[in-house]
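Hi,

Here is the structure I said I would pass on. Have a look at it first, and then read my notes below.

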Amino acid sequence: MENQLTSGRTAARRALGFDQAVPRSLAHRSAVAEVFVTDTAAVGDEFLAAVQLPRAHSLWFDRLVTYHDPLAVLEAVRQSLLVIGQRYLRVPVDAPASLQRMGLCVEDLSLFHDDERAPLEAVVRIRSDRNPADSGYFRDISFDATVTVDGAAAMTVHGGGIAFPRDAYDELRALQQDSRDPGTITEVDSLDPNLLGRRDPRNIVLGRAGERLLLVVDQRHPSFFDHPYDHVPGPLLIEAFRQAALLAATEANQLAAPIAAVTELRAEFTEFIELDADIDCATEIVPGSAPGFPLVSIGLRQYGKQIAHGTVELSSYPSITHR
């Protein structure tokens, strides 16, 4: 039986196509160029997704080294979960999802090397604790995913969250927003992209106001806000974790320059994060971190309480070619 299942997985991987993106609505994207999933399949109690990273992207190609960004692959996994949920797990197309926790571990950073000739193509294998026959909502749904490049394990991802019926979500969010005092947005000086391994100032999501480090939430950003949200979206928060870790590590002389890959990430989100109130960011180098491989603890606060926290491990690239 095990040999039959393994054979089925291999055949399904070979049958997956990379020729065109899935319909954008399945990935919850408005722009076709923002869709990274090209195909999916169900094999036993697992699901497979083919993903392709674009070679020229205003966010994910804004990097200083010839390595694809592991967080771009994480975004491809996130989209894969949405597509698989709708195709195989009876999740309605318009069902909002609340990410509660997310983690990744890069298994082999060399597999992310960019040969500058072809887009990165990968297969995502996903296991979920949701039964395809279960159409219920309001329960925690966990998943584990393995990303392979050329058949080799490149990254593992795990996490979970809650899916909502649209009307229940709208009612919940209206109650939450009505119960909160009006927020304040402090004017900040956005950080220099050179401090954070970026070139494009539009992709900087942190700024300073005196001694405070605050998130910069630009709702005109073409990727983070591909479509309107009533809260700060998860990909922007993950990017804030990365940028905060790079800043903390370089300021503490744990990195000579802000050129490092996120090779481990653990994040938990306990609240919807509102768009119209300050989001403070605090960081700390975890004691015992090795120089060149810092582990940074990060916390986000809004309305005076912690709303997200986690850790980011940064690692040097096996070999660096500057772009």
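Let's start with a pair of residues: in β4, L48 has R125 as its bridge partner. Strand β4 covers residues 120-128, and seven bridges join it to β2, with the two running antiparallel. Two strands count as paired here if DSSP finds at least two bridges between them. The helices (H or I, at least four residues) and strands (E, at least two) are DSSP runs, numbered from the N terminus.

Before you go further, keep in mind that this is a predicted model, where local features need pLDDT of at least 70 and side-chain atom pairs count only at pLDDT 80 or more, while totals for chains, interfaces and linings use all residues. Residues are numbered from 1 along each chain as its sequence is written, and side-chain values use heavy atoms, with hydrogens and water left out.

Back to β2. It also pairs with strand β1 (residues 37-43), in the antiparallel sense and over six bridges. Here T40 stands opposite A49 of β2. The two strands make a hairpin with two residues between them, and G44 in the turn has a positive phi of about 60 degrees. So is β2 enclosed or open? Strand β2 (residues 46-53) is largely enclosed by the rest of the structure, because seven of its eight residues are buried. Buried means under 20% relative accessible area, exposed means over 50%, and partly exposed is in between (1.4 Å probe, protein chains only).

Strand β11 (residues 280-285) pairs with strand β12 (residues 295-302) in the antiparallel sense, over six bridges. T283 stands opposite I298 in β12. On to strand β13 (residues 305-315): eight bridges join it to β12, again antiparallel. In that pairing, L295 stands opposite E313 in β13. β12 and β13 form a hairpin with two residues between them. Look for Y303 in the loop between these strands. Its phi is near 55 degrees, a positive value in a residue other than glycine. At 36% relative accessibility, Y303 counts as partly exposed.

You will find N253 in the loop between α4 and β10 (261-269). With a relative accessible area of 66%, N253 is exposed.

Next comes helix α3 (residues 166-179). It has 14 residues and reaches 20 Å from its first C-alpha to its last, close to the 20 Å expected at 1.5 Å a residue. That expected span is 1.5 Å times one less than the number of residues. Which residues of α3 are buried? They are A168, Y169, R173 and Q176. These residues cover an arc of only 125 degrees around the axis, which puts them on the same side of α3. The arc is that of the directions from the helix axis to the C-beta atoms. On the other side of α3, you can pick out D167, E171, L175 and D178 as exposed.

H231 is buried, with a relative accessible area of 14%. Leaving aside its neighbours within four places in sequence, H231 is in contact (heavy atoms within 4.5 Å) with Y169, R173, F225, F272, I273 and L275. Its side chain also makes a polar contact of 3.2 Å with that of Y169 and one of 2.7 Å with that of D230. A polar contact is a pair of N or O atoms within 3.5 Å; within protein, one must be able to donate a hydrogen and the other to accept it, and residues adjacent in sequence count only if both atoms are side-chain atoms.

Last, the aromatic rings. Rings of Phe, Tyr and Trp (its six-membered ring) pair if their centres lie within 6.5 Å; planes under 30 degrees apart count as stacked, over 60 as edge-to-face and the rest as tilted. By this rule the count comes to seven aromatic pairs. One of them is F225 with Y229, an edge-to-face pair at 6.0 Å centre to centre and 80 degrees between the planes. Both F225 and Y229 are buried. F164, Y169 and F272 form one aromatic cluster.

Cheers
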